[in-house]
Amino acid sequence: MIEINQLTKTFTSQDGTPVHALGGVDLTVNDNEFLTLLGPSGCGKTTMLKMIAGLQGWDGGTITIDGKAVTGPGPDRSMVFQNFALLPWATVMDNVCFGLRLRGTERRAREERAQELIEMVGLSGFESKRPGELSGGMQQRVGIARALAVDPQILLMDEPFGAVDEQTRRLLQEELLSIWERNRLTVVFVTHSMEEAVLLGDRVVLMSARPGQISEIVEVPLARPRSSDVGGLERSREYTEITAHLWDQLRSMHSEHRAVEAVR
Amino acid sequence: MWEHLLASFRRIGVGVGCAIVLGPLVGFLMGRSRWVNSLTEPYLNFLRALPPLGYIGLLIVWFGIGDLSKYWLLFLAAFPPIAISTINGMRGIRADRIQAAESMGANSWQITTHVILPSTLPDILSGIRIATGFAWTTVVAAELNNGIPGIGGLAYVSGTQLQTALTIACIMVIGLCAVALDTALKYLAQLLVPWHGKAS
């Protein structure tokens, strides 16, 4: 269980004015929950994800995982990045093995584990290709396999499908659902798409910007497993209602923000 | 002619060779530490801006008229481009590549060897290519005094003796060698960093 308590972070912008990235966020992520963080850009959702990952410090408040305070990256968490962040000189196999190699796992064991994951994400036959030879969607499959290879309890995903085209994105969403339905990891998934947030999440955490705060938490009542009938879900009333509600909220945030800017 | 060419190759080999060893090292330290960087960057830029002909006299006073001063000259000419390329390469590393390693538990030594060094390699290699080209254009300056045997020395001395044909032949050889060397280094780079310039 991830518990976030009164988390605050203030950056100083180039011209010296303080930017309140996070203004006292409280959030609990349950075990085996798929939580999506949704909000306009600048609401601090990626910042908060990186804090959970232990990659970014904060000013006030606490983050604990199963009661232990987060002070840095740990083997219980791994992260998937928007721009894949693969090693361009390494093959698909070596990229997936990377985390295990850093931990000193013996070669045969790590390649065996990597092979399983490469098959799971549908990249069999591409083991010896380099990222530059793969499409964006395939690169992100490598990113997901790499993150899963270290057997994390928590998967942190930072707009992982934000850099691929719409069709690939939808296929990857379905695949992520079916992977998750098998391993049921705790997932924190950052996105700016309300459709994605609703399709994937058990709960959608809607954040607002300046300062970054939680404005609403929406339960998604759609039944699991969802991967078998994504099309049907997307036509269901609950799905349409929740996405419409989220968009109403987001739209009012955007127009409020425009009004504030205009007053300045 | 071959004797002269070989002598020049040896000088460039030693001078550029030392720069290939020290350039990435110094560039790495400068890229890693802001403190080291602000301390040394002005000197590096100053050195880079100096025309080698300007300080050859000083090097001869310090290191003698023999090969040692020529090694120094070629080293000083080749060093700044390699060091500066290394720094640029380190500054250009995408933050998420390092964060990905950190999030999987890499310590700072592992980040250096597994992420930073391979990420910087393409820039180091292009720095070496620039430096080698620059060293060739400097070899005539290096061999102005006591440059025989040496292709640059031969070009200079034959000119002063009005042996125009020989001078032109030397210039042709210097030019062709430079092009050949550059092409070889380009292929070497493609061989060593085949991923460079591709996506991700």
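Of the 200 residues in chain B, 44% count as buried. The model described here is predicted. Chain B contains eight helices and zero strands, whereas chain A includes an open sheet of four strands and an open sheet of six strands.

**Chain B: overall build**

- Along the sequence, chain B reads α-α-α-α-α-α-α-α.
- Taken along the principal axes, the C-alpha atoms of chain B fill a box of roughly 70 × 35 × 20 Å.
- Among the contacts in chain B with a separation of 6 or more, 75% come from residues 24 or more positions apart.

**Chain B: surface and charge**

- Chain B exposes about 10,200 Å², and carbon and sulfur atoms supply 70% of that area.

- Strand 1 (residues 2–12) and strand 4 (residues 60–65) of chain A are joined in the antiparallel sense over five bridges.
- Ile2(A) has Ile65(A) of strand 4 of chain A opposite it.
- Helix 1 (residues 45–53) of chain A lies across strand 1, strand 2 and strand 4 of chain A, and runs at about 120° to strand 1 of chain A.

**Chain A: the sheet of six strands**

- Strands of a sheet pair through backbone hydrogen bonds, in either a parallel or an antiparallel sense.
- In this open sheet of chain A, the order is 6-7-8-3-9-10 and the pairing is mixed.
- Strand 6 (77–80) and strand 10 (213–219) of chain A stand at the edges, each with a single partner strand, so one side of each is left without a neighbour in the sheet.
- On average, neighbouring strands of this sheet are turned by 20° against each other, direction ignored.
- Strand 3 (residues 34–38) and strand 8 (residues 186–191) of chain A pair in the parallel sense over five bridges.
- Within strand 8 of chain A, Val188(A) is the bridge partner of Leu35(A).
- Helix 1 of chain A also lies across strand 3, strand 6, strand 7 (154–158), strand 8 and strand 9 (203–208) of chain A, running at about 150° to strand 7 of chain A.

- Strand 3 and strand 9 of chain A run parallel and are joined by four bridges; Leu38(A) stands opposite Leu206(A) of strand 9 of chain A.
- Strand 9 and strand 10 of chain A run antiparallel and are joined by six bridges; Arg203(A) stands opposite Glu219(A) of strand 10 of chain A.
- Strand 9 and strand 10 of chain A form a hairpin with four residues between them, and Arg210(A) in the turn has a positive phi of about 50°.

Definitions and conventions. Residues numbered from 1 in each chain as written. Chains lettered and ligands numbered in written order. Predicted model: local features only at pLDDT ≥ 70, side-chain atom pairs only at ≥ 80, totals over all residues. Heavy atoms only, no water. Helix = DSSP H or I, 4+ residues; strand = E, 2+ residues; numbered from the N terminus. Buried < 20%, exposed > 50% of the residue type's maximum accessible area, 1.4 Å probe, protein only. Contact = heavy atoms within 4.5 Å. Areas by Shrake-Rupley, 256 points an atom, 1.4 Å probe, with all protein chains shown as cover. Pairing = 2+ DSSP bridges. Axes fitted to C-alpha atoms, helices over the stretch in contact; angles between N-to-C directions.
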